[in-house]
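Here is a quick tour for someone meeting this structure for the first time. Have a look around, then read on.

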Amino acid sequence: MNRLPLRKRAKILGMLVEGMSMRGITRLTGVSINTVSKLLRDAGEAAVAYHDENVRGIRGERTIQCDETWSFVYAKAANVAEAKAAPDGAGDAWTWVALDAESKLIVSYLLSGARDDFSAVLFMRDLASRLEKPPILATDALASYRIGIKWAFGHRAGHIPSKGGTSYVERQNLTMRMGMRRFARCTNGFSKRFEYHLCLIALHSLYYNFCRIHSTVRCSPAMAAGIDDHLHDLEWIVGLLPN
C-alpha cells in the first residue's frame, strides 16, 4: 500500500470522507479492497492519535452541544443472534459527539455499543479533559447525560437538557450520515467490523475539524477554535500515516 503515490492515497481518503463505499473505490481506482482497508485503518489510527494529542487545551467559556446518533455494525441488534459468524462488536453502534457551538469544532467523540450511563461517563470525562474551563452543556433529555456530567464536572458545568439546544450538533450528525455511507439507515455499505466503523468516524472528524471550511465560521473549525492557524488538505492526512 505504501507504494501508492501520495496523490492517489489522498484521492482514496477523499472518496472515503465523501461517502463512497470501499467496493466503489476499488472499482474507480483499480486498487484492491485490501489496500483500501489498510489505508482506512492506518488513517483512522492516525486520526485518533492526532485528535487525542491536539484537540486539547481549548480556552474560553464554551457552550458545548452533545448528541448521539445510531448506526449498526454487521447486523442490527435484533438480528445479531441469528447472524452467521457475527464478530465482536456486532449490533448497535452509538456515536456520541460533543460540538463547540461557536467554532463548530468536534471536541470529543465516542463510539459505543450502547446508549447508557457508562458510555455517558466515558464521553463526558474525555470532553472534560479537553477543555480549560467547565462549559455550558446542551443535551437532549437522555438521563444518562446527568450522570456523566456529574462524574466528569461535578457541579461546575451548566446543563441545559432540552432538544431545542442541540441544533448545531444535530446538523453535524446529518453531515456524518451524508459523508459516511455506512451511517445511512438503509444501505448495503454498512460496517462489517467495529474497528473500521471507528476508523472512519475518526477520519471524518479529523477532516471536518482541520481540512474543511465551515460555511458559518468561514474557516476550519480548528482555526475558529484557536488550535490551528491554517487549513490542511488530504495530502496532509496522508503525511500523518506511518511510513
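Predicted model: local features only at pLDDT ≥ 70, side-chain atom pairs only at ≥ 80, totals over all residues.

## Helix α3 and its cover

Next up is an open sheet of 5 strands, ordered β3-β2-β1-β4-β5 with mixed pairing. At the edges sit β3 (106-112) and β5 (158-161), each pairing on one side only. From one strand to the next, the twist averages 20 degrees.

Strand β4 (136-139) pairs with β5 in the parallel sense, over 4 bridges, and Thr139 stands opposite Pro161 in β5. Helix α4 (117-130) packs on the sheet and touches β1, β2, β3 and β4.

## Rings that meet

How many aromatic pairs are there? The count comes to 6. Take Tyr50 and Phe210: their ring centres are 5.3 Å apart and their planes sit at 85 degrees, so this pair is edge-to-face. Tyr50 is in α3 and Phe210 in α7, 160 residues apart. Along with Trp236, they form one aromatic cluster.

Trp96 and Tyr145 also make an edge-to-face pair, 5.6 Å centre to centre. Trp96 lies in β2 and Tyr145 in α5, so the pair ties together parts 49 residues apart in sequence.

How values were computed: Residues numbered from 1 in each chain as written. Heavy atoms only, no water. Pairing = 2+ DSSP bridges. Helix = DSSP H or I, 4+ residues; strand = E, 2+ residues; numbered from the N terminus. Axes fitted to C-alpha atoms, helices over the stretch in contact; angles between N-to-C directions. Contact = heavy atoms within 4.5 Å. Phe/Tyr/Trp six-rings, centres within 6.5 Å; stacked < 30°, edge-to-face > 60°.
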